[in-house]
Amino acid sequence: MKVAILGATGAVGRTMLRVLEERRFPVDELVLLASERSEGSRIAWGGRSWEVRAPTQGAFRGCDVALFSAGAARSREWAPVAAAEGAVVVDNSSAWRMDPDVPLVVPEVNPEAARRRPKGIIANPNCATIQFVVPLEGLRRRAGIRRIVATTFQSVSGAGQKGLDALAAELAGGSSADSPFPGPIAGNAIPWIGPRGPDGWNEEEDKLRNETRKIMGLEGVPIAATCVRVPVEVGHAVSGTVELEEELSADEARAAMAEVSGVEVWTDDRDPLPRDVAGLDVVRVGHVRVDRDLPRVLHFWVVADNLRKGAATNAVQIAEMLLRA
Ligand SMILES: NC(=O)c1ccc[n+]([C@@H]2O[C@H](COP(=O)([O-])OP(=O)(O)OC[C@H]3O[C@@H](n4cnc5c(N)ncnc54)[C@H](OP(=O)(O)O)[C@@H]3O)[C@@H](O)[C@H]2O)c1
């Protein structure tokens, strides 16, 4: 297969290259694309050295799949070009996620949605949303969902290489002029991810709400999120509270979540932690409790690597589904 990666030099793009290699995705030819700053640089992959170029008309010709991770503006510009040139685009940005003609896919939850893609584009959801909906799907299947509240604890790599660089600079005693965060992140927690709207909700909070509804078909179900940036390098955590249609014991809830592929539920006293899942594809769930006052309400904790299951791995899984189709 001929595979293009737009954003190949970024935090997600580099992870995509690693995941393609690890999962032995059948790549015959790579087209590596990034900004003009990276033009001419080379990336070693699969025993060969590949030149990085800036995207141009014709760059996607002959490509079967184009994996995009270069931000929403680039996706809006180049995804229609790549699709017109014959590639199926799997896009990591927010550009197309809520477009009714673009499926928003988490393979463990709604793989069938990928079949209808009139624009030739499939969207990869937001990183915190992906890891949250995977165990949530187990609860939905077993007991139905009435309401969701989520608080996320999101690592700096969720803001890309600049986020990682900003934390490293601050931990070394300095600061980064290029920091993507609205304040110091070392030793801090910032409830502000993405622009804040006039009604007080941040963009990331709306993404979790709107994307969860679209992926799981939960239109009309109340969903509220608070998204917090924390000084962790890689690995997001989500604290979820869900009101179910039917009561479940904590054991039944654990069993329901564990039935979804890719979920690992911890049942002992140890809590799954973000740094322990960095580099892994698993979605780990722990700290599952039935509410003390409301028996249909469950609380649980979910961690996953945002660069892998939250982005690159999910995109490669979608590409694998296209292979099998
Ligand atoms: N990080 C996460 O956990 C995560 C999770 C889910 C989705 N995403 C999404 O994935 C995308 C990339 O995120 P990231 O974390 O990998 O960011 P990043 O580390 O900042 O990488 C951005 C990539 O985009 C390229 N790029 C920037 N401007 C470009 C242009 N004008 N033309 C072509 N390429 C350009 C960069 O190339 P240069 O190196 O040449 O600048 C780099 O390869 C974003 O849309 C983000 O929302 C990220």
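The protein chain is divided by the domain assignment into domain 1 (2–124 + 311–324) and domain 2 (128–306), with bounds that come from an automatic or database domain assignment. The structure is a predicted model, in which local features need pLDDT of at least 70 and side-chain atom pairs count only at pLDDT 80 or more, whereas totals for chains, interfaces and linings use all residues. Residues are numbered from 1 along each chain as its sequence is written.

The C-alpha centres of domain 1 and domain 2 lie 25 Å apart. To the contact between them, domain 1 gives 13 residues and domain 2 gives 19 residues, two residues being in contact if their C-beta atoms, placed from the backbone, lie within 7 Å. On the side of domain 1 that touches domain 2, the largest share, three residues, is supplied by helix 8, where helices (H or I, at least four residues) are DSSP runs numbered from the N terminus. That side of domain 1 is made up of six nonpolar, five polar and two charged residues; here Ala, Val, Leu, Ile, Met, Phe, Trp, Tyr, Cys and Pro count as nonpolar, Asp, Glu, Lys and Arg as charged, and the others, Gly among them, as polar.

Around the ligand there are 29 residues, of which Gly10, Ser35, Ser38, Ala70 and Gly160 come nearest, a residue being near a molecule if its C-beta atom, placed from the backbone, lies within 6 Å of it. Two or more residues of this shell are given by each of helix 1 (11–22), helix 2 (72–84), helix 4 (161–171) and helix 8 (308–324), and the largest share, three residues, comes from helix 1. Both domain 1 and domain 2 contribute at least three residues each to the shell, which divides into ten nonpolar, 16 polar and three charged residues.
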